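Please keep the structure open while reading.

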Amino acid sequence: MSPTQTMISVEEYLRTTYRPDCDYIDGQVLERNMGETPHGNLQMFFGWYFLNHRDEWRVDASSEQRVEVASSRYRIPDVCLISYDSPRELILHTAPVLCIEILSRDDRMKSIQERLDDYVRMGVQCSWVVDPWRGTAFQAGPDGILRETNTSLTVPTTAISITVDEIFAELDRLERRSLE
């Protein structure tokens, strides 16, 4: 924490609107890196992809959803999947099926790993990390250890799956369109 960082209560965080929304970690409001075209394009792509499979996989997709990972820690995954069987919550207290983090140019793997560790402690069984800048994709299971994959991202014990080639082919298509 920087010397000028003001600590705030959970209650103040929850009643404040941030644009874009911010993580809350043990009294600190932390900005998230985002806002560039590849990040936004992938976020929209995942939303579209999961929307097209929601009834088949029995999940709802949400972007930038507040998730209470512990009583004094709130994370905002880029995209998360919520089981049809989960309770309907304005702020998620029930572990999502999947949390997806899309890297921005300024993201560092150390901070991403801290996010994944929070998801694991909450009970999230699977997380994906996609780096549009390097064209790489990673998956972490309930142990929170990131493993790079060149084939597909899956959620074990479910039918949820997408090929890495499909993700980056869509990103390439969108970037080519923006250059036209």
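## Terms and model

A residue is called buried when its relative accessible area is under 20% and exposed when that area is over 50%, with partly exposed in between. The structure shown is a predicted model.

## The chain as a whole

The chain has four helices and twelve strands. Its radius of gyration is 16 Å, close to the 16 Å that the globule rule gives for 180 residues, so the chain is as compact as a globular protein of that length. Along the principal axes, the C-alpha atoms fill a box of roughly 45 × 40 × 30 Å.

Of the 180 residues, 46% count as buried. Among contacts with a separation of 6 or more, 55% are between residues 24 or more positions apart. The accessible surface comes to about 9,700 Å², and carbon and sulfur atoms hold 50% of that surface.

## Charges and salt bridges

There are 19 positive and 30 negative side chains in the chain. The centres of these two sets lie 2 Å apart. A search of the whole structure finds 16 salt bridges.

Some charged residues are joined in a network of salt bridges: Asp-23, Asp-26, Arg-73, Arg-75, Glu-101, Arg-115, Asp-118 and Arg-121. Three members of this network, Asp-118, Arg-121 and Arg-115, are taken up below.

## Asp-118 and its two partners

Which parts of the chain does the pair of Asp-118 and Arg-75 link? In this salt bridge the closest N and O atoms are 2.8 Å apart. The pair links distant parts of the chain, with Asp-118 in helix H3 (residues 109–122) and Arg-75 in strand E5 (residues 73–75), 43 residues apart. Both Asp-118 and Arg-75 are buried.

Asp-118 also meets the side chain of Arg-121 in a salt bridge, at 2.6 Å from N to O. Here both residues lie in helix H3, three residues apart, which is about one turn of the helix.

Arg-115 is placed in helix H3. Its relative accessibility is 7%, so Arg-115 counts as buried. Leaving out residues up to four places away in sequence, Arg-115 touches Asp-23, Arg-32, Arg-75, Ile-76, Pro-77 and Glu-101.

## Arg-134 and Asp-131

Another salt bridge joins Arg-134 to Asp-131, with the closest N and O atoms 2.6 Å apart. Arg-134 has a relative accessibility of 61% and therefore counts as exposed. Asp-131 is buried, because its relative accessible area is 3%.

## Asp-78 in a loop

Where is Asp-78 placed? Asp-78 sits in the loop between E5 and strand E6 (79–83). Asp-78 is buried, because its relative accessible area is 3%.

Neighbours within four places in sequence are set aside in the next list. Asp-78 is in contact with Arg-32, His-39, Gln-43, Ser-62, Ser-63, Glu-64, Ile-100, Glu-101 and Ile-102. Two of these, Arg-32 and Glu-101, are also touched by Arg-115.

Definitions and conventions: Residues are numbered from 1 along each chain as its sequence is written. This is a predicted model: local features need pLDDT of at least 70, side-chain atom pairs count only at pLDDT 80 or more; totals for chains, interfaces and linings use all residues. Side-chain values use heavy atoms; hydrogens and water are left out. A salt bridge is a side-chain nitrogen of Lys or Arg within 4 Å of a carboxyl oxygen of Asp or Glu. Helices (H or I, at least four residues) and strands (E, at least two) are DSSP runs, numbered from the N terminus. Buried means under 20% relative accessible area, exposed over 50%, partly exposed in between (1.4 Å probe, protein chains only). Contact means heavy atoms within 4.5 Å. The radius of gyration is taken over C-alpha atoms; the globule rule is 2.2 Å times the number of residues to the power 0.38. Accessible areas come from the Shrake-Rupley method with a 1.4 Å probe; for residues, only the protein chains shown count as cover. Lys and Arg count as positive and Asp and Glu as negative; His and the chain ends are not counted. The place of a charge is taken as NZ of Lys, CZ of Arg, CG of Asp or CD of Glu.
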